[in-house]
Amino acid sequence: MPSDPARIRVTLLGTGTSTGVPVIGCTCPVCQSADPRDRRTRCACHVEAGGLSLIIDTGPDFRRQMLREQIERVDAVLFTHHHFDHVVGLDDLRPYFFGNRSPMPCYARPNTAAVLRRMFQYIFDGDGSYPGIPKLELREIDAPFEIHSRYEARSPVPVIPIEVYHGEMPMFGYRLGRFAYLTDTNRIPESSFALLEDLDVLVLDALRHTAHPTHFTIEEAIAAARRIGARQTYLIHMTHNILHAEEDAHLPDGIALGYDGLSFNVD
Ligand SMILES: [Zn+2]
Ligand SMILES: [Zn+2]
């Protein structure tokens with residue numbers, strides 16, 4: 001764990017769209033690519049901030065991502081929304097309770113919390129009779145909040161939820177310090193642009209080149225990234241229409257494709 005309380009270090013756990021890349025049964029050039037950056041697990045993110053270890057979303061590849069990155073602690077989970085590719089790995093948080101029984105907060109918008117409560121009824125509304133359940137506590141949020149360590153006395157880490165739209169559905173991105181993570185969106189409201197000033201690094205949804213009703217295209221993401229003006233933007237949630245080496249070479253300065261395992265510090 002980092003000793004510098006001001007340091008933020010981010011690792012992109014997964015950068016693929018809901019199918020993952022390669023796509024099951026597909027023989028296209030991207031799905032057959034030998035470039036490891038073309039192998040995209042479902043989107044999730046690890047953030048070390050103020051000595052805390054935070055996860056954004058727990059999709060179907062969560063267990064393998066945590067093993068790959070050797071993440072030994074989790075203090076809290078931030079959920080962006082309740083689609084399958086962002087939540088279904090939730091139960092794989094159980095090993096984080098083997099050596100530490102303190103509850104783990106899971107932050108989510110009320111609409112997302114309601115779905116999580118139904119999907120994982122045995123965790124959130126169970127009668128406690130099944131002893132193996134993770135001690136997850138759903139916390140509904142609609143305003144900035146602070147996260148405390150599950151492991152030791154530390155200063156709490158402030159988080160700003162950023163409302164974005166995924167088609168017609170409102171959902172959250174998150175800002176920690178000068179880092180913001182905005183997945184699964186095709187519209188950022190004006191009020192949210194105001195919360196995205198002075199970023200060092202932005203992570204932003206960019207599905208493919210052709211239009212989609214709930215995701216930014218690469219071109220739309222570039223336009224939004226330019227307006228936000230972070231020093232560096234990484235694009236995520238790409239389909240198998242995007243060949244990493246070819247696409248990345250054509251992106252403007254300060255904008256690059258993310259890939260699984262990419263880590264960076266935030267100033
Ligand atoms: Zn998604
Ligand atoms: Zn393919």
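1. Let's start with the spacing of the donors around the zinc ion (ligand 1): along the chain they follow D-H-x97-D-x52-H. In this predicted model, the residues behind that pattern are Asp 85 (OD), His 86 (NE2), Asp 184 (OD) and His 237 (NE2), lying 2.1 to 2.2 Å from the zinc ion. His 86 belongs to helix α2 (residues 84-87), while Asp 184 sits in the loop between β10 (179-182) and α5 (190-193), so this pair ties together parts that are 98 residues apart in sequence.

2. A word on the geometry of that site. The angles among the 4 donor atoms of the zinc ion (ligand 1) run from 91 to 158 degrees, and the site is irregular. A tetrahedral label would need all angles between 85 and 135 degrees. As for burial, His 86 has 0% relative accessibility and counts as buried; Asp 184 is buried too, at 2%.

3. Cys 26 lies in the loop between β1 (8-14) and β2 (44-49), and His 240 in the loop between β12 (232-236) and α7 (244-249), so the two tie together parts that are 214 residues apart in sequence.

4. Now to the aromatic residues. The whole structure holds 5 aromatic pairs. One of them joins Tyr 107 and Phe 145: the ring centres are 4.3 Å apart and the planes meet at 25 degrees, so the pair is stacked. Tyr 107 is in strand β5 (residues 104-108) and Phe 145 in strand β7 (residues 145-147), so the pair ties together parts that are 38 residues apart in sequence. Tyr 107 is buried at 3% relative accessibility, and Phe 145 is buried at 11%. Ring pairs also bring Phe 172 and Tyr 174 into a cluster with Tyr 107 and Phe 145.

5. Finally, two arginines to look at when you inspect the rings. Arg 150 has its charged end over the ring of Phe 97, 4.6 Å from the ring centre. The charged end of Arg 227 sits over the ring of Phe 193, at 3.8 Å from its centre.

Technical notes
Residues are numbered from 1 along each chain as its sequence is written. Chains are lettered from A and ligands numbered from 1 in the order in which they are written. This is a predicted model: local features need pLDDT of at least 70, side-chain atom pairs count only at pLDDT 80 or more; totals for chains, interfaces and linings use all residues. Side-chain values use heavy atoms; hydrogens and water are left out. Donors are N, O and S atoms within 2.8 Å of the metal (3.2 Å for Na, K and Ca); water is not among the atoms, so sites may look incomplete. Four donors count as tetrahedral if all angles lie between 85 and 135 degrees; four count as square planar and six as octahedral if opposite donors are over 155 degrees apart and all others between 65 and 115; anything else is irregular. Helices (H or I, at least four residues) and strands (E, at least two) are DSSP runs, numbered from the N terminus. Buried means under 20% relative accessible area, exposed over 50%, partly exposed in between (1.4 Å probe, protein chains only). Rings of Phe, Tyr and Trp (its six-membered ring) pair if their centres lie within 6.5 Å; planes under 30 degrees apart count as stacked, over 60 as edge-to-face and the rest as tilted. A charge sits over a ring if NZ of Lys or CZ of Arg is within 6 Å of the ring centre and within 35 degrees of the ring normal.
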